[in-house]
Amino acid sequence: MGGQVSSPGSFSGLPYASKANADWMSALNSQLWDVPLHQLSIPGSHDTMTYCLNKKSPISSKEPRLLQLLCKVLPCVTLPMVLKWSTTQVLSVTEQLDGGVRYLDLRIAHVEDGSERNLHFVHMVYTTALVEDTLTEISEWLQSHPREVVILACRNFEGMTEDLHEYLVGCIKNIFGDTLCPRGEVPTLRQLWSRGQQVILSYEDEASVSRHTELWPGIPYWWGNKVKPQDLVNYLELMKSHGRPGGLFVAGINLTENLEFILVHPAWSLEKLTLSGLPYLCAWVRAQCPGSAAGCTNIIAGDFIGASGFVSDVIGLNQKLLRG
């Protein structure tokens, strides 16, 4: 599998994101510059890199053996089915950043039969894009937008050894350098701007976090694992009733298919499932409030983020902080 910064997929019917929100953080009311990031409303993308899943790539070694066997025996039938239920985004990482996304969900893997240090992304199938190339793409975007801040969630780590973790962390430090914000109190935009820092990098490997002050622990993600939007909203409301985490956290409005749903809806895809539920889910989003209170939200992440006004809805919630 060769490395490349892949172009977005060719799913029909979904618009490209506009660049209207490319610099939304620097455009916030100055009263919000001193609000810690975990009390702002921040749009995110779930499974950010699935726009470049590769139909020629092997299926993940973590998937059930039956599925792996079917992909080998009947690839022309099985792989298209897998791809249409594992692709969650069609905009490239740069287009997502241009569109206002500031939380990127990066599922990292080492392909078993791949070259020694080529790290890819994964969601059932491996991506064409290499992790190092994508991090460089993000860094270059940040250089062009010096007052924007991104939260990168590195997770999954399929097939990663301790040596590969150290290699990846070395790449992260080399690529982002002084723009990395060391872990500590969640900063405000004004604090980050004064230090020239633009990246908070959460890393879901405790051993690596303990060795490197540039890494933040994994950010909690409220994943409902629901097919129906009403059930997902009920789950999110239940989580809110328990009180918000102390730092950064994500409420995921991404729907999740199950085998029963796929069998009953053979002509559907995750795209169709998502679009059918978006009006209901976006209505829930618009009703949320950022802030420090128990029922407040912080990062809200979704699938197919260019398909509606989702990103602008999440950013717009910050106006509610000015009314207090």
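Visitor: Which residues is Cys154 in contact with, leaving aside its neighbours within four places in sequence?
Guide: Cys154 is in contact with Leu106, Ile108, Leu201, Ser202, Tyr203 and Glu204, where contact means heavy atoms within 4.5 Å. Please keep in mind that this is a predicted model, in which local features need pLDDT of at least 70 and side-chain atom pairs count only at pLDDT 80 or more, while totals for chains, interfaces and linings use all residues. Residues are numbered from 1 along each chain as its sequence is written, and side-chain values use heavy atoms, with hydrogens and water left out.

Visitor: And where does Cys154 lie?
Guide: Cys154 lies in strand S5, residues 150-158; helices (H or I, at least four residues) and strands (E, at least two) are DSSP runs, numbered from the N terminus. Cys154 and Asp205 are 51 residues apart in sequence, and their C-alpha atoms are 8.9 Å apart in space.

Visitor: Is Cys154 buried or exposed?
Guide: Cys154 counts as buried because its relative accessibility is 1%. Buried means under 20% relative accessible area, exposed means over 50%, and partly exposed is in between, using a 1.4 Å probe and protein chains only. Cys52 likewise counts as buried, at 2% relative accessibility.

Visitor: How many disulfides are there, then?
Guide: The count comes to 0 disulfides, a disulfide being a pair of cysteine sulfur atoms within 2.5 Å.

Visitor: Switching to the core, which residues touch the most other members of the largest one?
Guide: In the largest nonpolar core, which has 90 residues, those are Phe176 and Tyr203. A nonpolar core here is a set of buried Ala, Val, Leu, Ile, Met, Phe, Trp, Tyr and Cys residues joined through side-chain atoms within 4.5 Å. Helix H10, residues 270-286, gives this core its largest share, 7 residues. There is also a second, separate core of 7 residues, which includes Ile59, Leu79, Leu83 and Val125.

Visitor: What is Phe176 in contact with?
Guide: Leaving aside neighbours within four places in sequence, Phe176 is in contact with Leu135, Ile138, Ser139, Leu142, Leu152, Val199 and Leu201.

Visitor: How many aromatic pairs does a search of the whole structure find?
Guide: The search finds 5 aromatic pairs. Rings of Phe, Tyr and Trp (its six-membered ring) pair if their centres lie within 6.5 Å, and planes under 30 degrees apart count as stacked, over 60 as edge-to-face and the rest as tilted. One of them is the tilted pair of Trp222 and Phe249, at 4.8 Å centre to centre with 45° between the planes.

Visitor: What does that pair tie together?
Guide: Trp222 is in strand S8 (221-222) and Phe249 is in the loop between helix H8 (229-241) and strand S9 (250-252), so the pair ties together parts that are 27 residues apart in sequence. Both Trp222 and Phe249 are buried.

Visitor: Which residues do ring pairs link into a cluster?
Guide: Ring pairs link Trp85, Phe261 and Trp268. Phe261 and Trp268 form an edge-to-face pair, 5.6 Å centre to centre and 80° between the planes. Phe261 counts as buried at 12% relative accessibility, whereas Trp268, at 22%, counts as partly exposed.

Visitor: And which ring does the charged end of Arg147 sit over?
Guide: The charged end of Arg147 sits over the ring of Trp193, 3.8 Å from its centre, and Arg147 also lies over the face of Trp33, at 5.4 Å from the ring centre. The rule asks for NZ of Lys or CZ of Arg within 6 Å of the ring centre and within 35 degrees of the ring normal.
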